[in-house]
Amino acid sequence: MIPRMVAILGLLFLAAPIYLAALASVTPESRLFEGPVLFPSALSLEHYRDLFTARAFWQPIRNSLIVASVTTGLCVTLGAFCAYAIARLHFRGKRLVLGTILAVTMFPQISIVSPLYLLLRQLGLINTYPGLVLPYLTFAMPLTVWLLVGYFRQLPAELEDAARLDGAGPIRTLGEVVLPLAAPGLAATAILTFIYCWNEFLFALAFTLGPERRTVPVAIALFRGQYQVPWGEILAASIVATAPVAILILLFQRRIVQGMTAGAIKG
Amino acid sequence: MQARGEARLAWLLIAPALGSVVVIALFPLAWAIRESFHLHDLRAPWLGQPWIGLANYAEAAADARLWLALAHTVGFAAVSVALELALGLLLALALHRAIAARGPVRTLALIPWALPTVVAALLWRFLFDGPTDWLADPLRAWIPIVLADVWKTTPFVMLLLLAGLQTIDESLYEAARIDGASDWQQFCHVTLPLLRPALLVALIFRTLDALRVFDLIYALTGGGPGTATEPISLYAFNVLLQNLRFGYGSAIAVIVFLVTFGLALLYVRTVGAGLLEEES
Amino acid sequence: MASISLRNLCKTYPNGQCAASDLSLEIDDGELLVLVGPSGCGKSTALRLVAGLEVPDAGSVWIGGEDVSGKPPQSRDLAMVFQSYALYPHRSVAENLGFGLRMAGVSRDRIRERVESVALRLGIADLLDRRPSQLSGGQRQRVALGRAIAREPKAFLLDEPLSNLDAKLRSDTRAEIARLHRQLGATMLYVTHDQEEAMTLGDRIAVMRDGRIEQIGEPLEVYRTPRNTFVAEFVGAPTINLISCERVEEDGGAWLCGEGLRLPAPPGLPESRAITLGVRPEHLQLAATEEADLVGRVDVVEPLGNATLLHVAVGEGPDLRVLVPDFPRNRGGEEVGLCLGRGAMHFFDSENGLRIQIS
């Protein structure tokens, strides 16, 4: 009895703010601050309309999609190569390499924002797509590598031995045997990377200058109203910002949880 | 012969990933350290970038706002992480026993974790901004901040611990029950010890993340009212990208790095060594 | 087909375990040699060294008269059958069978021909489109064999291929492998921990312990004249009985005494050493207690179907195993006499376990 109540209360706590926000996003401006209501009496899509007309919200969406997709593609590919080498090949300095890559997860991003800004400015990459993809790649890489190393290691080594004896060199083994079998792990990693890129804020804030390249989180945070905070539009934008992530979760929740907890439990 | 060819291939495969890490993370870090020993004010370029030794650090040591920011950060981390672990554990235990429909529950639980932090911040700001004026109160402004953080990250802790709970063999509980252990004793002697690895992982990840908090507070209170809710990363951000004092800001950034990374190393050394390695 | 030669191979693992200690072995072209020993003796390591999956610390591997020590596994032209079959789960049976040929760049038509003929030979022709997960254990085993055969390699390496099969399948597949060996005239290096497989399959067997070969020879030779107590205990089932004895001078003659046993000592036994007498369960017979070499009490009766295994308690040592044609269970606890077949006694030096040759 008690566990069930606790669980339900907990889930309500998690769900309530989203529900209220979604509700508010379809509440006409005039009724927004009337006080908390559970069920709306009037519905209006005005906020969503304004979002895509006056605020051109499709721009940040486009930017986020491009940056997240490119980063994910690069990250999973390069990360898979790196993880395979660490998991299966013999070379000296393996521990150092893995340690270095993992150390980056513990970096406070703020510590390198300004040098990175200067570096990107030197390279002419401020306010460009590559200017975001590069830092994102670096910071998404450790998690990717760690997850994939764990994943590759638990694939039966005998399959790779068999492929080697059958005449496949290391690269062919990777392509013909390992990667197809690692597809679930690769998928989980891709999803987690995409979510990271979609949500990233600090670098996007620091390295973009205007609406042409701003990503979704930055665009939302910088919404300004003429007289007051435009809550209707902010919340509508929030719902829109959450939608792709929510869809990914709905489709892949099992994979995501496996990915999240993989390294942690098995150790 | 074979071994050398294999090693060469390995380095080839690692190079891009390692390269990006070195260029984008390590090199700027070295640069920040270097900058922290120089004067570099972008608003006063005529001053050049002279070496000033530890002057920036001396200024940092005397900077009241910096110490306040550090205090905010550590306090926030302590409170948030404690709440998240407790709540996460509670929910994990409850879900483990109570609810059968895993899929929909996981989906629901994951959404707060998966949405952008600034969106979460804005949601909670909306919930508090209208009905109350807490956001204008230096002490009470922390409440929506902590709530938002707990709301957003408890799912991660909960799912982690739930997965950990699911790996505990049921027969251990059965054996304990036959030996006469009460629910509480079962919890203390079976659940907690076996959950220890997962708890430690949750603790490490959450502490490191909490110390680095930026997005949440930027969007919720902007560090306000005044500097009442300013964490150290936001302070560094302001110094760097608003005051444009790159030298001093770098010193602060280095301090943040030392604190965070130092703590991380400490964790890894004492607790996580087994978690990082698994030599075949 | 080619000969395989292991020369002075040494391999030690980082944890200090020595898997191969100056290991040398010659396998003739077309021979089936079984490497047999308890787990951890290094037999699988030896196999992997031949395959190139492990690199030795010292020594070399020669295949067909050529030193292949510097070549990676994919260039050695060997085929291996794994204990867990190692079938590619995401590929069909036909693709599994043809994988090696595809790697070698053989034309697609030729691959199809070859795959079909191998599948026919092994009786899996109707499974070609299935995935490994849809096959039974025995069928998977055949696919694993087929994959090796399809490649027409220089030699076959088999790593405990029967361990994962149940008893009936195991003996059927064992016969299958023997048949294949005969038909293909293939050089095979076969690794197992099961001495029965070793005895029945091998042209020669090599018994290994701790990275060393204790004895190598034809199966019956190893069975009849084991070089030391380890080999004696490992080969032959039920396990040989080892009795600690001493040579005693008494009553004007030399006697062998131990654990209730008193036998005339055969000439040629060294005088001063402690002796271990080995006698196999099948070479002990029940006799009347007055005429017996040894008297004991029946402790456990194990009817095996075609014979009965008795555990007989004698003296202070462990029970003696005795294999008799028949013995009713209700006679357990009885006192019985045992006779040792004179020609079937083995003598070992108790200190170093080595065989003592008696003329």
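Analyst: Leu159(A), Glu160(A), Asp161(A), Ala162(A), Ala163(A), Arg164(A) and Leu165(A) are the buried residues of H7(A). Buried means that 20 or more other C-beta atoms, placed from the backbone, lie within 10 Å of the residue's own. This is a predicted model: local features need pLDDT of at least 70, side-chain atom pairs count only at pLDDT 80 or more, and totals for chains, interfaces and linings use all residues. Residues are numbered from 1 along each chain as its sequence is written, and chains are lettered from A and ligands numbered from 1 in the order in which they are written.

Helix H7 of chain A runs over residues 157-165, and seven of its nine residues are buried, so the helix is largely enclosed by the rest of the structure. Helices (H or I, at least four residues) and strands (E, at least two) are DSSP runs, numbered from the N terminus.

What covers these buried residues? The cover includes helix H3 (58-88) and helix H8 (170-181) of chain A. Just after H7(A), Gly167(A) has a positive phi of about 105 degrees.

Now the wider meeting of the two chains. 16 residues of chain C are in contact with 15 residues of chain A; contact means C-beta atoms, placed from the backbone, within 7 Å. On chain C, E6 and helix H2 (93-103) each give two or more residues to that side. By class, the side has 12 nonpolar, four polar and no charged residues. Nonpolar covers Ala, Val, Leu, Ile, Met, Phe, Trp, Tyr, Cys and Pro; charged covers Asp, Glu, Lys and Arg; the others, Gly among them, are polar.

Conventions:
Buried ≥ 20, exposed ≤ 12 C-beta atoms within 10 Å, placed from the backbone. Contact = placed C-beta atoms within 7 Å.
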